[in-house]
Amino acid sequence: MVNVPRLVVAAPASGSGKTTVAAGLMAAFAERGLEVSPHKVGPDYIDPGYHALAVASSRGGRGGRARPGRNLDAYLCGPDRIAPLFLHGAAGCDLALVEGVMGLFDGAAGQGELASTAHVAKLLRAPVVLVVDASSQSRSVAALVHGFASWDPQVRVAGVILNKVGSDRHETMLREALEGAGVPVFGVLRRTGAVRAPSRHLGLVPVAERHAEAVDSVATLAARVREGCDLDGLLALARGAPPLPDAAWDPEEEVRRAAGPAPTTGSHRGGDGARPVVALAGGAAFTFSYAEHTELLTAAGARVVPFDPLRDERLPEGTGGLVIGGGFPEVYAPELSANEPLRAAVARLAAAGTPIAAECAGLLYLARSLDGQPMCGVLDATAHMSERLTLGYREAVAVSDTSLAAAGTRVRGHEFHRTTIEPGAGPEPAWGLVHPERRVEGFAQGDLHASYLHVHWAAVPEAAVRFVGRCALPTG
């Protein structure tokens, strides 16, 4: 039994301000000297970047460690992995805060509560604090909160934070209305234009693209939350969460199980200390990555070395495998194109048959061109921005053998992009999508796997084992 103080920050609907409140709470508690573990329900990569920034100050004082924002997605990873993944990320923390997704009860389309904030809250046995946009209501707030608190008896809506409150009189009306609802008010935040995180075609602009401004924004959020919220009451609520009976997820154990009895992974090749180098694309153009991917690659025996395709003209020394995740290459297409030495190095790596795993942004970077700008030319395809947003969960099966998956491997993934690529699949596709639509997608060329589909490797740790097992060891 593991006892982790924890809260889920949810809302009745998107746009209520839960990201603002969650980031503000994380920063405010971190400023108190608590080591805060940040988490996000769903597949979103951008909010966890703000969470990690918000808790960064917890590294001071007691000497805590930097904590990445981590995702808890019951669709991608399965319900049984949610509590173990949470405990892995929250190990050693003083407080774990989980930001929800969409409305409290909104989950995977057509699949009931699966992957909703309410579902994750139940799996974590965590109290829920509801962030309510009170800007256009007074007494009706009581009916709304009562409805959310009573809809599912297994979901404990234990408090409310009222957001976008207009005045002292407005606050008084809201508090009076909620007195009979049986749900305490833990905070009141006034309407303000002081904190505005810029957005574009896929949501907030990532922290990596506006770090200095984001630091100022998070500091302002912390000040607002300190002034408007009962931090002591919220901490007491979090500390009252019951113990969890689950064991923490362990990347080393996951790799051992996925590898089986045969010594096929890089970790078994390391008797002489040699570890294959896996280059991991990062920087402002490639910000989408789950922390568990690096942990699994490392556990499988790789030495993961980040590089920035916007700045670095060479791949890391001795690169024996390349992982290019998601992000916004469409925003940086001219700069990526201008880095001709790196584009040529990636093309040579692919021609040599080196294992390459590319998701979404990585797929675009490997194409011949993106919005008319030359890219790496590894794939015989062209990409461009479109007006159509492609968004949603997918079930897929690997069509071809690659370094990432054996043919027939079934996965659950997520698509999230406003670009298109022509053709949408190569002669040997990467995936056959089987739900909610049927089509082939992506490119499989030997040990190259490139696709729009984002997959969480915690659900398929054999992907990391397979990938590292095919990576070349450094020579010399």
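Two strands count as paired if DSSP finds at least two bridges between them. Keep that in mind for these views, which come from a predicted model.

**View A. Strand 1 meets strand 5.** Strand 1 (residues 6-10) and strand 5 (residues 128-133) run parallel, and three bridges join them. Look for Val9: its bridge partner in strand 5 is Val129.

View B. Follow the strands across and you get the order 3-2-4-1-5-6-7, with parallel pairing. At the edges stand strand 3 (70-72) and strand 7 (185-190); each has a single partner strand, so one side of each is left without a neighbour in the sheet. On average, neighbouring strands here are turned by 25 degrees against each other, direction ignored.

**View C. Helix 5 packs on the sheet.** Here you can see helix 5 (residues 117-124) touching strand 1, strand 2 (36-41), strand 3, strand 4 (95-99) and strand 5. The direction of helix 5 makes about 170 degrees with that of strand 1.

**View D. Inside the largest nonpolar core.** This core has 120 residues, and the ones that touch the most other members are Leu25, Phe29, Phe86, Leu297 and Trp431. Helix 1 (residues 18-31) gives the largest share of the core, eight residues. Apart from this core lies another one, made of 37 residues, including Leu315, Leu364, Tyr365 and Val378.

**View E. Zooming in on Leu297.** Who does Leu297 touch, leaving aside its neighbours within four places in sequence? Its contacts are Val278, Ala302, Val304, Val323, Trp457, Ala464, Phe467 and Val468.

Technical notes
Residues numbered from 1 in each chain as written. Predicted model: local features only at pLDDT ≥ 70, side-chain atom pairs only at ≥ 80, totals over all residues. Heavy atoms only, no water. Core = buried A, V, L, I, M, F, W, Y, C linked by side-chain atoms within 4.5 Å. Buried < 20%, exposed > 50% of the residue type's maximum accessible area, 1.4 Å probe, protein only. Helix = DSSP H or I, 4+ residues; strand = E, 2+ residues; numbered from the N terminus. Contact = heavy atoms within 4.5 Å. Axes fitted to C-alpha atoms, helices over the stretch in contact; angles between N-to-C directions.
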